[in-house]
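Trainee: I would like to go through the charged side chains of a protein. Can we take it step by step?

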Amino acid sequence: MEKFLNDFKTALAFFMDLRRIKPVDNIKTCTSIEMGYSLLDTVEGTVLYNCGKNIYTKANGFFKTLPYETKRFLAFSPNDGEYIDRAKFWKQALKPILSEKEYRIAVRRLLHWFIHCKQLKTKGA
């Protein structure tokens, strides 16, 4: 019984000390979080991932060099009228970093996927 009372007194003292502690004034509150976007967060990233390891690795290296706002923009699916601009962007981006064969594979798959997405939006799916 005496051990129980000692434990109780220790716990009570601990919680009384906690009540006496004032909140720290210099804690900064976080108002916004800047997410780190990955190539796989984009429509194009999933297509390029399925083009092979070499193509994806090179495209991912390029994506990492983009400014945060560009990555954020690319993380959202294209709206009507944006498919052509997205296709042009990726054609220009991939041309200098891929071999001719890799470039043809990647661009062809991206264009086919954009056409597929556009058809789905047109049909209302």
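Predicted model: local features only at pLDDT ≥ 70, side-chain atom pairs only at ≥ 80, totals over all residues.

Trainee: Which element has the highest mean pLDDT?

Mentor: pLDDT is the predictor's confidence in each residue, from 0 to 100. The protein averages 86, and 87% of the residues score at least 70. Elements here are DSSP runs numbered from the N terminus: helices (H or I, at least four residues) and strands (E, at least two). Helix H1 (residues 2-20) has the lowest mean, 79, and the highest, 95, belongs to helix H3 (residues 53-65).

Trainee: How many salt bridges does the count come to?

Mentor: Side chains of opposite charge can pair when their charged atoms come close. The rule asks for a side-chain nitrogen of Lys or Arg within 4 Å of a carboxyl oxygen of Asp or Glu. By this rule the count comes to 5.

Trainee: How many residues apart are Lys 3 and Asp 7?

Mentor: Lys 3 forms a salt bridge with Asp 7, with the closest N and O atoms 3.9 Å apart. Both lie in helix H1, about one turn of the helix from each other.

Trainee: Is Lys 3 buried or exposed?

Mentor: Buried means under 20% relative accessible area, exposed over 50%, and partly exposed in between (1.4 Å probe, protein chains only). Asp 7, at 43%, counts as partly exposed. Lys 3 has a relative accessible area of 62%, so Lys 3 is exposed.

Trainee: Where does Asp 80 lie?

Mentor: Lys 118 forms a salt bridge with Asp 80, the closest N and O atoms being 3.3 Å apart. The pair links distant parts of the chain, 38 residues apart. Lys 118 is in helix H6, while Asp 80 is in the loop between helix H4 (68-74) and helix H5 (83-94).

Trainee: Which helix holds Arg 109?

Mentor: Arg 109 is partly exposed, at 40%. Its place is in helix H6 (residues 100-123).

Methods. Residues numbered from 1 in each chain as written. Heavy atoms only, no water.
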